[in-house]
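Here is a short report for a first look at this structure.

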Amino acid sequence: MAIAKAERLMNLALCLLGTRRPLSKRELRESIEAYLEAGSDDSFNRMFERDKDDLRELGLVIETVENLEGEVGYLARRDSNRLPAITLDAEEAAALGLAAKVWQQARLAGAASGALQKLRAAGLPEDVDPYGSHSALEPRIPAHEASFEPLMLACRDRRPVVFDYRKATAARPEQRHVEPWALECWRGHWYLAGWDRDRGAERVFRLSRITGKVRARAGKYTADVPDVVTVRETVASWAGETADRTALIRLRTDAGYPLRAKAVAMREGDDGWDELEIPYGHGLDAWLVEFGPDVVVLEPAELRADVVDRLRAVAKG
């Protein structure tokens, strides 16, 4: 069904772009096979109006013209639908070429390769090879999770989804109904921000905790999508970056360097353990669990309890 509609839209767009005079509905119906197969005039009219609206939503400028006989016709002038020339200096082209190197897996690899060819035509210097291995730094954004591609498409198409999600504190996954907004890579992990229908609030989901398949659902969004989805800021706050107090932990010597980098105070011990005072915000318990037996929470008591609960959930499998 999706392929048939895409082919129908493409044929309609070609007809409207290829004509020098407005074409009536009758002429368009006679020119496009899918319209000829429409069962009735009403069915054709509904199909045509939907297709015309879809093309306009995609950015095609379609003019409606009425001739001397009062008949309405349609066309898409090439000058109105031609993008201006894009010029890039050497630094801009190199930066975009480097960005194209980031995506080298899933369906994004093909898009990145095609984009790179267009950048060559737009001025990317021949001596700049973003796919070469001469650089000491290799920018990559891994997307190994099976849920990445369906969620990326759901965000693009604004489609609600359903998936099973296992929280760090839960032994079993539970079903979540989500209106996805955007994906964000944070500290090597992918996160989805969106509207959780079951909880009636914005939520952030780590893709590595999604189990099973992501299933798309019909229907429109029930909550407004923010004009600018600041997913990075939202993920940062859920990951404990927004802290309004501190926590005291014991950290094994020569371990937990990311925690040491965040410490606001540290006292070295002579028993193989150091005491650190670190910022305490939402999600710190999940981060501390990642360091396993190298971290012991001293205070506050609620943080210690949260870490213990998470460790018990991990132990239960």
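On one side of H11, Ala301, Arg312, Ala315 and Lys316 are exposed. On the other, Leu303, Val307, Arg310 and Ala313 are buried. Seen down the helix axis, the buried residues of H11 fall within an arc of 120°, so they line one face. They pack against strand S9 (243–252), strand S11 (273–281), helix H10 (284–289) and strand S12 (295–299).

H11 itself covers residues 301–316, 16 residues in total. From first C-alpha to last, H11 reaches 23 Å. That is close to the 22 Å expected at 1.5 Å a residue.

Now the sheet. Three strands form an open sheet, and their order is S1-S3-S2. The pairing is antiparallel. S1 (23–24) and S2 (63–66) are the edge strands, each pairing on one side only. S1 and S3 (residues 72–75) are joined by two bridges. Leucine 23 has tyrosine 74 of S3 as its bridge partner.

How far can the coordinates be trusted? This is a predicted model. The protein chain averages a pLDDT of 81, and 78% of the residues score at least 70. The table gives the elements with the lowest and highest mean pLDDT.

| Element | Residues | Mean pLDDT |
|---|---|---|
| Helix H6 (lowest) | 108–122 | 61 |
| Strand S4 (highest) | 161–165 | 96 |

Where pLDDT is low, the predicted coordinates should not be read in detail.

Methods. Residues are numbered from 1 along each chain as its sequence is written. This is a predicted model: local features need pLDDT of at least 70, side-chain atom pairs count only at pLDDT 80 or more; totals for chains, interfaces and linings use all residues. Side-chain values use heavy atoms; hydrogens and water are left out. Two strands pair if DSSP finds at least two bridges between them. Helices (H or I, at least four residues) and strands (E, at least two) are DSSP runs, numbered from the N terminus. The expected span of a helix is 1.5 Å times one less than its number of residues. Buried means under 20% relative accessible area, exposed over 50%, partly exposed in between (1.4 Å probe, protein chains only). The arc is that of the directions from the helix axis to the C-beta atoms. Contact means heavy atoms within 4.5 Å. pLDDT is the predictor's confidence in each residue, from 0 to 100.
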